[in-house]
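Please look through the two chains shown below and keep them in view while reading. The text goes from one chain to the place where they meet, and then on into the other chain.

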Amino acid sequence: MLRFLLGRLGLLIPTFFGVTLVAFSFIRLLPGDPLDLLAGERGIDPERKAELMAQMGFDKPLWQQYIDYVIGIFHGDLGTSFASKKPVLDEFLTLFPATAELALCAIILAVCLGIPAGIFAAVKRGTIADQAIMGTALVGYSMPIFWWGLLLIIFFSGILQWTPVSGRISLLYFFPQVTGFMLIDSLLSGEKGAFISAVRHLILPSIVLATIPLAVIARQTRSAMLEVLGEDYVRTARAKGLTPSSVIGLHALRNALIPVVTTIGLQVGVLLAGAILTETIFSWPGIGKWLVDSIARRDYFVVQGGLLLIAGIIMLVNLIVDVLYGLINPRIRHH
Amino acid sequence: MNFQKTLKATLLGASLAVIAATGASAKTLVYCSEGSPEGFDTALYTAGTTFDASSKPLYNRLVEFKRGTTEVLPGLAESWEVSEDGLEYTFNLRKGVKFHTTSFFTPSRDFNADDVVFSFERQLKKDHPWHEYTPGTAWEYFNGMSMPDLIKEIVKVDDHTVKFVLNRPEAPMIANLAMDFASIVSAEYADSLASAGTKEQFNQQPVGTGPFAFVGYQKDAVIRYGAHADYWNGKEKIDNLIFAITPDAAVRLQKLKAGECHVMPYPAPADIADIRADSNLTLMEQQGLNVGYLAYNTKVAPFDKKEVRKALNHAVNKQAILDAVFQGSGQAAKNPIPPTMWSYNEATEDDDYNPDLAKEMLAAAGVENLSMKVWAMPVQRPYNPNARRMAEVIQADFAKVGVNVEIVSYEWGEYLSRSKDVDRDGAVLLGWTGDNGDPDNFLAVLLGCDGVGGSNRAQWCNDDFEALIQKAKTVTDKAERTKLYEEAQAVFKDEAPWATIAHSVVFMPMSSKVTGYVMDPLGGHWFDGVDIAE
């Protein structure tokens, strides 16, 4: 297991350098620069522009800028946002809990609904129930997120008025951010009704963000389950006279879950991509929208720092998934 | 169904409990703003969204625009005198003006001349300790308005008198001082941060003299302000002002309808009819202080001939553009300045849409089989909601007079920088939103000889026009300036360096409970003087 872990960790090093290089060059390959965009129609004097570019270190050769950037990373310095004048890492840490909370709720929702739905569809293979579940999953998978979010807002918040339109908590509540997770902070604040308000604000964005992963997980569970249900050991278990629930729960599910866990791990990337749209619709103050705004502004340090941090999180989650995979499936860790 | 009822009752009960728990006596106005401020030290930035959240609620200026107009009124300066030669502006400062007392700063003195000197010198002097107080500091508006060349020095005469000495006469100077970058900050607060070694807080926890004091900002989510109890102009009627940052226009409207906010900016044009029909909402509208235009390159043949430019102007069907691009939220432009601006030349006759005449004029000018480029901006701007669509309409119009148009576009930063090129190939769609309500801010910036190779996209330098606008800069009498600008507009129309296209109309939907809101022709959003009916 240790060798397995070390092998996985070793892979992270080239990945890290790859990511820094991609993040660094990506934003610089885009035409336009932050100063032209800041000045807009008003324009900026070329001398003044050169002076400011020098002040930010953008006059150095690219390789020098890259080395400065990598050295900065090892000192925990990702640079300063051109727009807000705040350190990139501080901004990320302020905003990330909002995205994490939303993504966690979404993935929990997707797993809790997706796996049972997939099992059910597999067990009832070929029935109307199976077709209905898989049909719905296909619709969910191809759902345009922005449209779907607005539709839910108009129906549930506008017409039925069950849920708030957007934001993380009612504006009536105002308490300091402790963990950044609104569900926890609202409980810590001790203010009456704050927690319920935070939950209500989470419902629609979680549903929207969970839609695609839910569909993927349901489909993946169904096909993995079908494969396993046809195996000899399942037939043996049935032949032993085990109840259908223990055949499925004990023997089939554990093996069927292996590819599903991988799928869940891969959904983290999907969640973060989906968060960009979901955060914009629901005015959710997370990293997705922050990054998109920064790309539009050519806020170099935010984009290269933000991409690196997000890539780091995805790598970490994938590492955890790999380890879990090894735990569920002993064959992997021995290879 | 029962479940639905129970759920709805539970949720409704929960929200009522919340309102009861927090007390309904304080009046809170919620504004669903369109984006996050970059920071709160206004002079560092150029974006309207940042100004709305910083300079407008938090600060005052020496002079202020009278709400709803571009007329200048006394602000922190009670009065001012301009010397005969137009080089010295002396301001008599208001006494007894208090800075905000907040959880992070308690002022020990009232506003005085030191604050004025500090507010400007930090932008002007490169060796000032606050000139580069945070990484990437760029006083871009101050620089953009050519203040470093204009201001020679700022002198504290006594505690309540400040003198600005200029290098040359500049009639729009007073209007410039009403702009956002000229907001007055607290020198005492700056000193206390400097000694604590936390200068960067100046941009994050602002202190001003304005109608509202800063309470807190949760990044990308909520900004909170409280009414300034000791405001020199009287305490506001609303106790709390909240900006709920809501980037999507459709979501803003849903929040407004659900009562989650009271005022929203920038509705989607498609929603206007729906908003008008809603009896709970009020829709205010105002002509924007802007112009959208097509600038020919007057340095490149055949556009160096005014007959050719004039002919093409007759080929543009402005009504078709208003219908297709502005969808009822625009007005055809005949002058380079908007009709809400003083000195607008009512007498100007627009080049009417007449393709036959255009063809004749082109033939008379000896132009045949003309092919040209039309540049379409890649972004939505107040003066042009869809440049691509506009370019397509122009393409079709020009095809009718035998001119073949190729539409080109670049990324926004590139677009702005490439379109400045004197040898640029093609006519450029662009526009302008006024900064200070002074005609000089349109005519000199966009059409003056200094702007060639820069903000003058037509690369047009006309001696008659230039003489008029230069003279108008030095004259302080408004009636005389008006006359000069009217003449300049006549020269412009005759020379046709642009096809003037449209001025947009700006809409502002709000709850019908909101009273006292006044729209700003300069595009800002102000909440002093606003109240909510119970």
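Among the contacts in chain A between residues at least 6 apart in sequence, 73% join residues at least 24 apart. This is a predicted model, and every value given here is computed from it.

What does the secondary structure of chain A come to? There are 14 helices and 0 strands in chain A. Read from the N terminus on, its elements therefore give the plain run α-α-α-α-α-α-α-α-α-α-α-α-α-α. Taken along the principal axes, the C-alpha atoms of chain A fill a box of roughly 85 × 55 × 40 Å. Chain A has 335 residues, and 41% of them count as buried.

One pair of helices in chain A can be followed in detail. Two packed helices are described by the angle between their axes and the distance between the axes. For helix H11 (residues 244-281) and helix H13 (residues 300-328) of chain A, the axes come within 9 Å and cross at roughly 175°. An angle over 145 degrees counts as roughly antiparallel, and H11(A) and H13(A) are therefore roughly antiparallel to each other. On the side of H11(A), the residues that meet H13(A) are Leu257(A), Ile258(A), Val261(A), Thr262(A), Gly265(A), Val268(A), Gly269(A) and Leu272(A). They face Ile310(A), Ile314(A), Val317(A), Asn318(A), Val321(A), Leu324(A), Tyr325(A) and Ile328(A) in H13(A). By class, this contact has 12 nonpolar and 4 polar residues, and no charged ones.

The next topic is the place where the two chains meet. The contact takes 50 residues from chain A and 52 residues from chain B. Several elements of chain B give two or more residues to this side, among them helix H5 (140-144), helix H9 (249-257), helix H15 (412-418) and strand S16 (427-433). Which element gives the largest share of the side of chain B that touches chain A? That is H1(B), with 9 residues. The residues on this side of chain B divide into 23 nonpolar, 15 polar and 14 charged.

Glu41(A) lies in the loop between helix H2 (34-39) and helix H3 (46-55) of chain A. Is Glu41(A) buried, exposed or partly exposed? A residue is buried if 20 or more other C-beta atoms lie within 10 Å of its own, and exposed if 12 or fewer do. Glu41(A) has 18 other C-beta atoms within 10 Å, so Glu41(A) is partly exposed. Leaving aside its neighbours within four places in sequence, Glu41(A) is in contact with Leu416(B), Leu430(B) and Trp432(B).

Two of the strands on the chain B side of the contact, S9 (222-227) and S10 (240-244), also pair with each other. Strands of a sheet pair through backbone hydrogen bonds, either parallel or antiparallel. S9(B) and S10(B) pair in the antiparallel sense over 5 bridges, and Val222(B) has Ala244(B) in S10(B) as its bridge partner. Strand S1 (residues 28-31) of chain B runs parallel to S10(B), joined to it by 4 bridges. In that pairing, Tyr31(B) stands opposite Phe243(B) of S10(B). S10(B) is mostly covered, with 4 of its 5 residues buried.

Chain B also has an open sheet of 4 strands in the order S4-S5-S7-S6, with antiparallel pairing. Strand S4 (77-82) and strand S6 (151-158) of chain B are the edge strands, each pairing on one side only. On average, neighbouring strands of this sheet are turned by 20° against each other, direction ignored. S4(B) pairs with strand S5 (residues 88-93) of chain B over 5 bridges, and Val82(B) has Tyr89(B) in S5(B) as its bridge partner. Helix H4 (residues 113-124) of chain B packs on the sheet, where it touches S5, S6 and strand S7 (161-166) of chain B. The direction of H4(B) makes about 165° with that of S6(B).

The axes of helix H11 (residues 306-315) and helix H13 (residues 355-364) of chain B come within 8 Å and cross at roughly 165°. That angle makes H11(B) roughly antiparallel to H13(B), and their crossing is left-handed. Residues in this contact include Val308(B), Ala311(B) and Leu312(B) of H11(B), and Leu357(B), Ala358(B) and Met361(B) of H13(B). By class, the contact of H11(B) with H13(B) has 10 nonpolar, 1 polar and 2 charged residues.

Technical notes
Residues numbered from 1 in each chain as written. Chains lettered and ligands numbered in written order. Predicted model: local features only at pLDDT ≥ 70, side-chain atom pairs only at ≥ 80, totals over all residues. Contact = placed C-beta atoms within 7 Å. Nonpolar A, V, L, I, M, F, W, Y, C, P; charged D, E, K, R; others polar. Axes fitted to C-alpha atoms, helices over the stretch in contact; angles between N-to-C directions. Parallel < 35°, antiparallel > 145°, perpendicular 65-115°, else oblique. Left-handed = near helix turned anticlockwise from the far one by under 90°. Pairing = 2+ DSSP bridges.
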